[in-house]
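Reader: I have a structure open and I want to learn how to read it. Can we go through it feature by feature?

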Amino acid sequence: KANQQINENLNFKNRILGMLSHELRSPLKIIGIFINRIINKTNDDSIKENLKSISFTNNTLLLQSNQILEYAKNQHVKNRLIPSIFDLKNEIEAIFTSIEAYIETRHNQFVTDIRIQQHLEVYSDNSKMHQIFMNIIGNANKFTENGKITVKTWTEIFDKDHVTLHASISDTGAGISDSDLKNIFEEYYQGSISNDIENLGAGLGLNLCKEIVELFSGKISATSVLGQGTTISFSINLNLANGFS
């Protein structure tokens, strides 16, 4: 009977997830249509740039909504990479541009250091790469106010078919205690700092990041000093687009 109750609860949860993700997709598509209409009608370059950032964020939400719907239909489907060809530096710059306004809402300085060569095309899953950066930078912003968030990215080409993307995201925020630090990548772990209701939810994001990083055969780690800040570092392996075009 206990197993039956668990299955019923899971089925109910998946129905709710499926319904929500399905209902979200239509307004997100409509927002995208109106953004494109305004872009086509305005000659103001600064407005166009802002709209492009909104469009990028909207498309990221749409991708994530589609992934939730896929999961809700069949929770046994394993998380996997869905690759496409994209310019790595352009993609990273677009991610950082789209999140900059969010960082400014907590009066934080956003510093980026992108050491990626121009026109480096890769064949990998850009939407999951978005999720990693958005979750980690979002967490850094959540625990930092009137401070600084620094993101460094660089590449290391290790053979003719593969490149490793390295990244570190540092903040000057609340920091994490040693006892919490060893558990922050565990599923649903919140830590003592998340007793503040506004900060609830940090643990799930970092566990998801770890899961996605491992899909890229990568690694993720964290260092922190309580009251001084946190650095999350990760590396993911990407296929060079040679041969996939």
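Reader: Where is the place of S177?

Author: S177 sits in a loop, between strand 5 (162-171) and helix 5 (178-181). Keep in mind that this is a predicted model.

Reader: Does S177 count as buried or exposed?

Author: Compare its relative accessibility with the cut-off: buried means under 20%. S177 counts as buried because its value is 17%.

Reader: What does the side chain of S177 make a polar contact with?

Author: With the side chain of S179, at 3.1 Å.

Reader: How many helices and strands are there in the protein?

Author: The protein has 6 helices and 7 strands. Along the sequence, their pattern reads α-α-β-α-β-β-α-β-β-α-α-β-β.

Reader: How many residues of helix 4 are buried?

Author: 15 of the 17 are buried, so helix 4 is largely enclosed by the rest of the structure. For the protein, 41% of the 245 residues count as buried.

Reader: Next, aromatic rings. What describes a pair of aromatic rings?

Author: The distance of the centres and the angle of the planes describe a pair of aromatic rings. In this protein the count comes to 3 aromatic pairs. One of them is F96 with F110. Their centres are 6.0 Å apart, and the planes make 85 degrees. That pair is edge-to-face.

Reader: Which parts does the pair of F96 and F110 tie together?

Author: F96 lies in helix 3 (residues 88-104) and F110 in strand 2 (residues 109-115), so the pair ties together parts that are 14 residues apart in sequence. Both F96 and F110 are buried.

Reader: What kind of aromatic pair do F96 and F133 form?

Author: F96 and F133 are edge-to-face, with 5.6 Å centre to centre and 80 degrees between the planes. This pair links distant parts of the chain: F96 is in helix 3 and F133 in helix 4, 37 residues apart. Both F96 and F133 are buried.

Reader: Which residues do ring pairs link into a cluster?

Author: F96, F110, F133 and F234.

Reader: What lies over the face of F34?

Author: R37 does, at 5.2 Å from the ring centre.

Reader: Now the backbone. What phi do most residues other than glycine have?

Author: Most of them have a negative phi. H107 is not a glycine, yet its phi is positive, near 55 degrees. H107 is in the loop between helix 3 and strand 2. With 54% relative accessibility, H107 counts as exposed.

Reader: What is the phi of N146?

Author: About 55 degrees, a positive value although N146 is not a glycine. N146 is found in the loop between helix 4 and strand 4 (148-159). Its relative accessible area is 59%, so N146 is exposed.

Reader: What share of contacts join residues at least 24 apart?

Author: Count contacts between residues at least 6 apart in sequence: 73% of these join residues at least 24 apart.

Reader: Last, confidence. What pLDDT does the protein average?

Author: The average is 83, and 80% of the residues score at least 70. Over residues 193-204, however, the pLDDT is below 50. Beyond near neighbours in sequence, that stretch has 27 contacts in the model.

Technical notes: Residues are numbered from 1 along each chain as its sequence is written. Side-chain values use heavy atoms; hydrogens and water are left out. pLDDT is the predictor's confidence in each residue, from 0 to 100. Contact means heavy atoms within 4.5 Å. Helices (H or I, at least four residues) and strands (E, at least two) are DSSP runs, numbered from the N terminus. Buried means under 20% relative accessible area, exposed over 50%, partly exposed in between (1.4 Å probe, protein chains only). A polar contact is a pair of N or O atoms within 3.5 Å; within protein, one must be able to donate a hydrogen and the other to accept it, and residues adjacent in sequence count only if both atoms are side-chain atoms. Rings of Phe, Tyr and Trp (its six-membered ring) pair if their centres lie within 6.5 Å; planes under 30 degrees apart count as stacked, over 60 as edge-to-face and the rest as tilted. A charge sits over a ring if NZ of Lys or CZ of Arg is within 6 Å of the ring centre and within 35 degrees of the ring normal.
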